[in-house]
Amino acid sequence: MSSTSGVATGEFAQGRPPLNPRGRRPSLHDGSGRRATLLIAPTIVLLAVVILYPVVSAVSQSFTKDAGLDPNTGMFVEGGFAGVSNYKLWLLQDCGGGAFSCPPGTLGSQFWTATGVTFLFTAVAVTLETVLGMVFALVMHRKFKGRAILRASVLVPWAIPTAITAKLWYFIFAYDGIANRLLGTEILWTGDGWAPKFAIIIADTWKTAPFMALLILAGLQVIDEGVYEAAKMDGAGAWQRFVHITLPLVKPALMVAVLFRTLDTLRMYDLPKILTGGAGDTSTLSMLVVDQVRSGFNAASALSTITFLIVFLVAFIFIKFLGANVTEQRAPKAKKAV
Amino acid sequence: MATTTSHQRGRAQVTSSGVEVVQPRHTRSTILTYTGVVLICLWGLLPFYWMIVTSFRDVGFTFDTTPWPTHVTLDNYTTAFSTARGNHFGRALVNSLVIAIATTVIGIVVGVFAAYALARLEFRGKFYVLGLILGASMFPGVALVTPLFQLFTDIGWLNTYQALIIPDISFVLPLTVYTLTAFFTEMPWELEESARMDGCTPGQAFRKVILPLAAPGIFTTAILAFTAAWNEFLLASQLGGDKVQPVTVAIASFAGAQPHQEPYTAVMAAGTIVTVPLIVLVLVFQRRIVSGLTAGGVKS
C-alpha cells in the first residue's frame, strides 16, 4: 500500500511548486505530511477521547477499591488503593478471604464459568460459521442466474439488528415455538443445561455465517482460474483442487475473517443477554462486566481490563502465529499487489 | 469469477470414477448449484419470514405453526406503538434515527478526511495510524461501559443523545475509515492531478473532482455506518435512559399485558418495522453493500 501511495505522492508533490503561494521549497514528504496530520487529527482525537481515555481510566480504576461497607467494621469506606485485589477477586475468586472465598452465586464466583462459556461460544460458533461460510461461498462462486436474489437474502441476517435477531430466536425457541414443533421436542431452549448454549450458537451462526461467506467469496474471486485449469490438466480431483489450491489461496482472506469473527464472538453481549439472559451458565464475559457495573465500578474495571487483555491476546496470537495478515489484507490495494 | 464458464462448471464435477462425460455432469452440477442456492436463500430468509408472518397473527394464535399468515390482524402494530404498557416504541424509533444519523454523519465527515490522507498521501507513521484504527475496531465495547458510565454520571450526560452518539463513533469511525480508504485507493486520481494542473487548489480539486467521484463509495460506507449505529445495544442499554432509548433497547425490554408475559406478536411487529427499511436498503444496494463490506468493514 505504501508503495502505491508513494508513487502518487511523488506526482502530487511535483504539481506543487507553481501552486504554492509562499514559494516554500516542496519536498516529497514535507507538505503532504503536514496535510496528512491535519486530515488524520480529527480521527485520532475522537478515537483518543472515546477509546484511549476510557481505557486509561479503567486501568487506573481497576487498582482502586470500591467504596462500600467495610465487612470488619461495618463502616462506609471510600475505597483507596486496592493493589491487585480486584484482579484477585476475578482470577482467584478471592472475595477477601483467600482463594475461592467467593460464595457460589455471587458475581465473583462466575469469572471462570463466563470465560469458559465465552471461549466455548467462540470456538464452536466460529468453526461452524467458517465451515458453512466456506460452503456458501463455494456455491455463490458458481455462475447462475439470480445471483442478486442470493446476495440479498444472504445480507438479510446481517442487516437485522442483533437485539432483534435475539428476540426473533427467542420466539422461535419458545417452549411452544416453531423449533420445538418442527423437531417434535419439548426442550426449554432458554432454560438450563446445554439447550441455551446451543440456542445462542445456532442464532449466532444463522446471523453471521452468510457474512463470513461474503468475505470468503471476495477471497475466492481473486484466485486465477488458470491455476485450476492447470491442476485439472495434471489430473487433480475436485477435492484435491480444493485442498491444494482453494484453501491455501483463500487463506489470507479467510484468516482475517476468522480473526474478526473471533474477536466479535469473544465480546458478544446482545445475543446471549436477550436470548437467554444468562440462563444455564450462558453469561459471557461482557455480560458479567455489565452486571458488575451496578455493584462496583472498580471491580468491573478490573474485569473489563481482563476482557480487553484476553481479546488483545487472542488477536495477537492470530496475527503473530496464525498468519492473519491484517494490515496487508485490510489495507487497500493489497489484493491487486498480489 | 467472471471467467468461470458453464463449461468449466460442468467439468468441475469430476466423479470418483473419473470418466469424462461432460454433459450429464454439467446437469448434475447445475442441479447441485441451484439446490445450494435455494438452501442458502431459505437459510437467510426463513427466520425473517417467520417474524413477518407472526407479526400479522392474532395474539391468540401466537404459536400457530401454519407456514403462511392466518388470523391476520394489524393489532400487533398498534400494540407495538401503544404507550399503555409503558413502552415507547415510537419515541425509540425517532431516537434511533437521531442517534444513527448523527453517528453516520460525524463518522463519514471525519472518516473522509482520514481516508483521503491514508489513501493518497505519504507520511511518517502511517503504519501506526492504520494499526491504531485497526486496534480500535477490535476493541471490546464492554471496556468502555464502566469509565463512560462514571464520566457521564459526573458531567450529567446520562440519558442524553450525546452520551449515546459519542461512544457510537468509536466503533463507526474505524469502519468508515477503512471502507473509505479502500474506495479511495480505487479512484482515478489522475483526474485530481489534471484539476491541479488547471489551477485548482488541493481543496478545490477535492471538492469539485474527487468528492463527486467518491459519492457512491461514501454512500455505501454511510449505509454500513448507519446499520452499525442502528444495531448498537450494549452502550445504549447502559448509558441511555427512557428518554433517549433506541429501538434495539426498547424492543428488548418490551412489556407485555401482564408481568412476565412476553408480547411475542407485538415484538415481532416492532422487529419487522425496525428491520424492513434496512432490508429494503439491502435489496436495492446489495451489490454496493457487498463491495463495501468486503472492502474494509469486517465488523458486523
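**A helix and its surroundings**

Author: F312(A) is found in helix α13 (residues 297-321) of chain A; helices here are DSSP runs of H or I with at least four residues, strands are runs of E with at least two, and both are numbered from the N terminus. This is a predicted model, in which local features need pLDDT of at least 70 and side-chain atom pairs count only at pLDDT 80 or more, while totals for chains, interfaces and linings use all residues. Residues are numbered from 1 along each chain as its sequence is written, chains are lettered from A and ligands numbered from 1 in the order in which they are written, and side-chain values use heavy atoms, without hydrogens or water.

Together with L313(A), F316(A), I317(A), F321(A) and L322(A), F312(A) forms a nonpolar surface patch with about 620 Å² of accessible area. Patch members have over 30% relative accessible area and no salt bridge, and nonpolar side chains (Val, Leu, Ile, Met, Phe, Trp, Tyr) are joined within 5 Å, like charges within 9 Å. The areas come from the Shrake-Rupley method with a 1.4 Å probe, and for residues only the protein chains shown count as cover.

Among the stretches that an unreviewed UniProt entry lists as "transmembrane region" are residues 36-56, 241-260 and 297-323 of chain A. In the model, residues 36-56 of chain A are 100% helix and 0% strand, with end C-alpha atoms 27 Å apart. Residues 241-260 of chain A are also 100% helix and 0% strand, again with 27 Å between the end C-alpha atoms.

Helix α10 (residues 238-266) of chain A holds D264(A) and R261(A), three residues apart, about one turn of the helix. The two form a salt bridge, their closest N and O atoms being 3.4 Å apart; the term means a side-chain nitrogen of Lys or Arg within 4 Å of a carboxyl oxygen of Asp or Glu. D264(A) also bridges to R267(A), at 2.6 Å. D264(A) counts as buried because its relative accessibility is 14%, and R261(A) is buried at 3%. Buried means under 20% relative accessible area, exposed over 50%, and partly exposed in between (1.4 Å probe, protein chains only).

P161(A) sits in the loop between α5 (147-159) and α6 (162-172) of chain A. P161(A) counts as buried because its relative accessibility is 0%. Leaving aside residues up to four places away in sequence, P161(A) touches K207(A) and several residues of chain B, including W230(B), T248(B) and L278(B). A contact means heavy atoms within 4.5 Å.

How far can you trust the picture? The model scores ipTM 0.86 and pTM 0.85. Chain B has a mean pLDDT of 85, with 90% of its residues at 70 or more; pLDDT is the predictor's confidence in each residue, from 0 to 100. Over residues 1-15 of chain B, though, the pLDDT is below 50. Where pLDDT is low, the predicted coordinates should not be read in detail.

Definitions and conventions:
UniProt positions renumbered as here; feature names shortened; annotations may be inferred.
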